Amino acid sequence: MRDLVVSFLTLSFVLVLGCSSKEGAFFESTSGSSNDLILISSGDSNTRSVLLYNQDGSFNRILYDYRTDLGLPRGIAPFDSESVVVSLDNTDRVSRVYWKGENAGSEELFANSGLGGAIYQLTTSEAGDVFVVESNYIERYDSTGARVGTPYIGTTEGSCVLSSPRGIFLTSDDRLIVTNHGGSDQLLIYDVSDPFSVTCLSANNIGNNPYGVIEHSDGNLYVVTQGDDQVYRTDSDGSNATSIWSTDTSIINNPTGIIELANGNLAIASSANDQVWEMDTSGTLANTSPLILDPLVLNITDIKTYPANFGGDE
Amino acid sequence: MKSLKNMLLLHSFLFIAAIYALPFEAQAFGVSFEAAIGYPNFSLTNTDGSKAFYDGISVQGAAYIPAWKFQKTGYLGFGLGLDYYDLNNTANNAEQVEKSNHLGPFIGVHVKLSRFFFGYNYNIRKTRIYWVGDFTNDYTEFEYNGGTLYAGMEWTLSKKLDVGITYTQSTNQYPSSVTHLSDDIEFSGSTIWLTIKLGTGQSVGKIFDTVFIN
C-alpha cells in the first residue's frame, strides 16, 4: 500500500511539472537571420515594386507593384503588423499596402493632403504617425491619414533649414532626423514629440549629399552620402562625423538607405549598382558578396527594417 | 488543451503500469539498456528579454554500466546514450511557425538505490531550427552542449524488464559564436520520460565475451 501511494504521488508530481503550456516569442533567428524583415522600394521604371526580404537577404515577397499605377515609390516604412506605407512621387501621395490579414494584397490611398512637390522618403511611429519628405517641407499625418500642420515642418525652423531633404528617421524618443541633400549637406534633428509644435535641436554638416540615415542601437547615427559614396558615423546629436567607409563605387555607389540588422550590422542600399551590402559598424564588409542582389531590386529608393513585433503583432 | 489531454492519458497509463508493476521483484544487477519516450518543455530568453517556449516529443536510448555495487539492487555506475528532441514553439500560429530538432550523445554518472535512481549527464547536441511563415522562411544548424540532472523511479515487470518514469532538468547554452547574437542564449527545460529497461544481468566483460568471442 505504501508503494502504491509513493508511486501515485511521484507520478502526479512529475506530470504536474510537465503540464505547463505557455505562449511566448520566437527565437531570434541565428546565422544572421531574424524574425525582423527588410522593406525595399524599387524606383526603376521597369520595377516600381515594394518588396519584402528576410534578414539573411533571401526574397520573401512582392508587396505591391506600381508599374501599372501612376507613381514612383520613393519611400517605404512599416505602418502596423498588417500593412506598410509607401510615399510616391507623381502622382504625389502616401499609399497603404496590406500584406497580411483580410485585406492582404490590396492597396489604398492613405494621404495626399498637402503633397504637391518632390516626394522622397518617409518614416512612421508605432502610434501610426507618418512623416514624409516633400520638397523643402516635412508633412505629418496621424494614423487616420489626417494632415497635421500646414506643413508640419516648414523650410526654416530655428537653425534647421531644409534644403532638398531626402532621408528621414524617427528615433524612439521622438527625435526626427532629416538629411539635407542640397545646400550645405546637413543633418537636421527636430523634437517632434508635440504634434502641434516642432523644435530644431541641431544642424550639423556631414559629408557630401547625405541621403539615408538611422539611429543605431549603439547610440550613434549612421548616414550614407551620395556625393562621395561614403558611410558616416556621428554622435547622437549629429556632431563629430567620422567616415567608416571610404569611397569604393564598385560596392557602394549612390547609396539611398541604411538600416540596422538584427545582428547589429548595417545594411546599405547602393542604388547605382542595385545591391544591398552588409558591413559592421566599423565599416568592414560582412561578406564578399551583397546581402541582396535580386532582379527585382533596381534603383533602390528606400530600405527600412520591419520589426517582427511592429504594431503589436506576436 | 491538447497537451493537457495527452498528459492525462499518459498519467492514466503510468498509474496503471505502476500498480501492475509493484508486486514484482527487483531487477537483477548488471548492464542494462533503456529506451524512453518523453514529453519535453523547454524555454529560452532572447537577447531582448523576450521568452520563447517549446514542447514536443523526445526519444532516448541509453546503456547503464554498474561500476560499484553497494546494495542488493543499488549501484554507482555510468550511463551513455543518444537522445532526440522534436520541439515546437508554443507561439506557433497560422502566420509563423518555429520548429527544431535536437540530436546528440550524452555520458554521465548514474546512481541506483532500490527502485529510485538519479544522475547527471553531459550532452552535446546538434540542432536544426527552422522557421516557416509570413515573417521568416529560414533555417539554421549549429551545435551546443549542456548538462542534465535527472531522477526517477522504476518498477520491475520481470527479472530482466523494468518500466519507469524519469524527470530530467537540462541547462544548455547556445553559444553566441554560432548564433551570431550579442550574448549566449540559455536553452533549458525539463522532460518527463516513460522508460523501459532491459537488464542483462551481466557485466560489460561478459557481454563483450558473448558478442566477440563466443
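**Exercises on a predicted model**

Leaving aside neighbours within four places in sequence, D89(A) is in contact with G71(A), L72(A), R74(A), A118(A) and I119(A); contact means that the C-beta atoms, placed from the backbone, lie within 7 Å. This is a predicted model, where local features need pLDDT of at least 70, side-chain atom pairs count only at pLDDT 80 or more, and totals for chains, interfaces and linings use all residues. Residues are numbered from 1 along each chain as its sequence is written, while chains are lettered from A and ligands numbered from 1 in the order in which they are written.

**Exercise 1.** Locate D89(A) and decide whether D89(A) is buried, partly exposed or exposed.

*Solution.*
- Step 1: D89(A) is found in strand β5 (residues 83-89) of chain A; strands are DSSP runs of E, at least two residues, numbered from the N terminus.
- Step 2: Buried requires 20 or more other C-beta atoms within 10 Å, exposed 12 or fewer, and partly exposed lies in between.
- Step 3: D89(A) has 19 such atoms within 10 Å, so D89(A) is partly exposed.

**Exercise 2.** Describe the open sheet that contains β16 of chain A.

*Solution.*
- Step 1: The four strands have the order β14-β15-β16-β17 (chain A), with antiparallel pairing; strands pair if DSSP finds at least two bridges between them.
- Step 2: β14 (165-170) and β17 (197-205) of chain A are the edge strands, each pairing on one side only.
- Step 3: Strand β15 (residues 175-180) of chain A is joined to β16(A) by five bridges, and R175(A) stands opposite D191(A) in β16(A).

Methods:
Two residues are in contact if their C-beta atoms, placed from the backbone, lie within 7 Å.
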